[in-house]
Amino acid sequence: MRPLLLLDFDGPLNPHAADGVPPGYRWHEITEGAKTWRVLLNPRHGAELNALAEAFELVWATSWEHGANRLLSPLLGLPADLPTILWPDRSPVLRGSWKTAYVAEWVGDRGFAWVDDEIGDVERERFVGQLILPVDARTGLTAGHFAALKSFAGKGFRGHS
Ligand SMILES: [Mg+2]
């Protein structure tokens with residue numbers, strides 16, 4: 001079984017803390033009903049993630065919840081029916097990310113990688129053996145992150161063969 005790749009959006013795919021427009025990115029305006037959002041996207045990310053979908057099952061793990069498939073997937077060229085983790089409560093927690101408890105429940109015993117700008121040592125300690133990849137919200141996903149994901153997927157496949 002492929003490992004899961006849990007995708008946060010704001011931070012990894014939309015580097016919202018960037019100073020200006022980082023190379024390779026451009027602004028997109030998303031409108032739904034009375035709401036409008038401006039996000040920075042890099043079209044290469046969609047291509048990279050689609051390539052990784054052979055090795056991983058892509059999963060949205062973002063506060064956009066179902067809005068990710070509806071509004072974000074089309075802009076990135078990703079399938080619009082990706083599994084999506086829902087967050088009943090987003091209250092801050094004492095240590096680590098408020099997403100962590102939900103992620104633990106959702107993944108069960110599947111192997112997974114997780115990219116997010118609000119994860120770190122707490123998640124590394126909790127999910128030993130999984131790939132916890134913090135992302136800087138000023139730069140978004142980098143070539144280094146994609147290399148780490150490919151390497152992790154390679155190990156996973158060897159483990160199951
Ligand atoms: Mg984020």
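Leaving aside neighbours within four places in sequence, Asn69 is in contact (heavy atoms within 4.5 Å) with Trp60, Pro74, Pro79, Ala80, Asp81, Leu82 and Thr84. This comes from a predicted model, where local features need pLDDT of at least 70 and side-chain atom pairs count only at pLDDT 80 or more, while totals for chains, interfaces and linings use all residues. Residues are numbered from 1 along each chain as its sequence is written, and side-chain values use heavy atoms, with hydrogens and water left out.

Asn69 sits in helix α2; helices (H or I, at least four residues) and strands (E, at least two) are DSSP runs, numbered from the N terminus. With a relative accessibility of 10%, Asn69 counts as buried. Here, buried means under 20% relative accessible area, exposed means over 50%, and partly exposed is in between (1.4 Å probe, protein chains only). The Asn69 side chain makes a polar contact of 3.3 Å with the side chain of Trp60, and another of 3.3 Å with that of Thr84. A polar contact is a pair of N or O atoms within 3.5 Å; within protein, one must be able to donate a hydrogen and the other to accept it, and residues adjacent in sequence count only if both atoms are side-chain atoms.

Trp60 also turns up in the largest nonpolar core, which has 30 residues; Leu5, Phe9, Leu49, Phe56, Trp60 and Leu149 touch the most other members. Such a core is a set of buried Ala, Val, Leu, Ile, Met, Phe, Trp, Tyr and Cys residues joined through side-chain atoms within 4.5 Å. Among the elements giving two or more residues to this core are β1 (4–7), α1 (43–52), α2 (66–76) and α5 (143–160). As for Phe9, its contacts beyond four places in sequence include Val39, Trp60, Trp64 and Leu72. A second, separate core of 14 residues includes Val59, Ala61, Trp98 and Trp114.

Now for α1. Its buried residues are His45, Gly46, Leu49 and Leu52. Seen down the axis of α1, they fall within an arc of 125 degrees (taken from the directions from the helix axis to the C-beta atoms), so they line one face of the helix. The face turned away from that buried side carries the exposed residues Pro43, Arg44 and Ala51.

Finally, there is the metal. Asp8 (OD), Asp10 (O) and Asp117 (OD) coordinate the magnesium ion at 2.1 to 2.2 Å. Donors are N, O and S atoms within 2.8 Å of the metal (3.2 Å for Na, K and Ca); water is not among the atoms, so sites may look incomplete. Asp8 is buried at 4% relative accessible area, whereas Asp10, at 23%, is partly exposed.
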